Amino acid sequence: MFGTVVVGVGIAGLARIRDLMNPMPSSPSEHLKLLGFVSRRSFGNINEAEQISLEDALRSKEIHAAFISTENRSHEEIIRMFLEAGKHVLVEYPMALSAKAAHELWEMAERKGKVLHVEHIELLTEEYKQLKKEVAGKELVKGTLHFTGSVLDETKAGFPAFSGIARLTWLIDLFGDLTVTSATREEQKDKNYSRMTVHFQTANKKPLTWIEERGPGMRREKKINFCFTSGCLENFPQAPRSAVGLFMQDQNLFARKLLGQVSKEELAAEKWRILQCLDLAGMIQQQCEQPESICS
């Protein structure tokens with residue numbers, strides 16, 4: 001059994017507490033035992049889970065793994081603390097708000113022989129699984145992924161290339177290694193509006209565009225337009241509803257890693273994808289923040 005603690009009790013943290021207290025029968029998650037949660041706010045207990053201090057969580061020899069569900073800007077510091085304390089870590093994406101920090105944390109986890117698992121539930125949705133099947137084996141000509149959503153506080157969530165890394169993860173997972181050819185950002189600060197536009201090339205020199213657009217009242221939505229030699233895909237394929245929740249699927253994967261049930265090849269591919277996305281996010285931020293790229 002692996003004793004666990006949940007750090008942060010927002011929407012994701014509450015889902016983690018729920019799933020840890022109600023693991024799927026006969027699943028790897030049955031090897032995880034919730035021993036408490038950490039929050040800056042005072043709760044006492046949540047669903048019989050006991051609130052404990054961060055210091056106690058770090059010191060406890062019974063806690064072997066931490067689930068980090070805090071705001072993005074604090075991920076790096078909290079990951080570092082738990083790895084230093086000799087704990088395994090599951091963290092919601094993005095694992096850090098700079099590529100340099102992400103590489104350092106990964107090296108630290110490897111040095112200490114600990115699992116560092118970054119949640120990417122966007123790859124576990126039935127919608128995405130069906131899309132990946134639809135795209136498999138097709139030759140890309142050009143493509144666009146356009147995301148819209150409500151306003152985020154960037155001081156907490158980070159630059160859009162990091163807070164929106166789920167979209168970048170889709171593109172890397174679908175089309176392989178990408179090169180940034182240009183990245184710009186339009187901001188209308190008086191209207192709380194932001195639009196980031198990134199142009200990529202695939203390894204086969206095919207163009208891909210990622211647009212991340214946010215503003216007050218904007219509906220959370222993804223639009224695709226992927227054109228292949230065989231035709232264009234403009235709508236998501238119909239997908240059945242999954243019988244297993246996304247956080248539970250992710251929790252099972254983390255438990256499998258702790259139990260040594262994930263192959264070295266799978267782990268290496270996942271590490272490459274996560275760090276490559278963070279490297280690209282850093283390049284995108286750098287290009288967007290060049291003075292000539294900013295429109296007010």
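## How α8 and α10 pack

Helix α8 (residues 165-175) packs against helix α10 (residues 264-288) at about 120 degrees, and their axes sit 10 Å apart. Here axes are lines fitted to C-alpha atoms, for helices over the stretch in contact, with angles running from 0 to 180 degrees between N-to-C directions. Helices are DSSP runs (H or I, at least four residues), numbered from the N terminus. So α8 is oblique to α10; under 35 degrees counts as roughly parallel, over 145 as roughly antiparallel, 65 to 115 as roughly perpendicular, and the rest as oblique. The crossing is right-handed, in other words the near helix is turned clockwise from the far one by less than a right angle.

This is a predicted model: local features need pLDDT of at least 70, side-chain atom pairs count only at pLDDT 80 or more, and totals for chains, interfaces and linings use all residues. Residues are numbered from 1 along each chain as its sequence is written, and side-chain values use heavy atoms, leaving out hydrogens and water.

## Who touches whom

On the α8 side you get Ile 165, Leu 168, Thr 169, Ile 172 and Asp 173, meeting α10 residues that include Trp 272, Arg 273, Gln 276 and Cys 277. Contact means heavy atoms within 4.5 Å.

Cys 277 is in α10 and is buried, at 1% relative accessible area (buried is under 20%, exposed over 50%, partly exposed in between, with a 1.4 Å probe and protein chains only). Skipping neighbours within four places in sequence, Cys 277 touches Ile 165, Leu 168, Thr 169 and Ile 172. Cys 288 is also found in α10 and is buried, at 2%.

How values were computed
Helix = DSSP H or I, 4+ residues; strand = E, 2+ residues; numbered from the N terminus.
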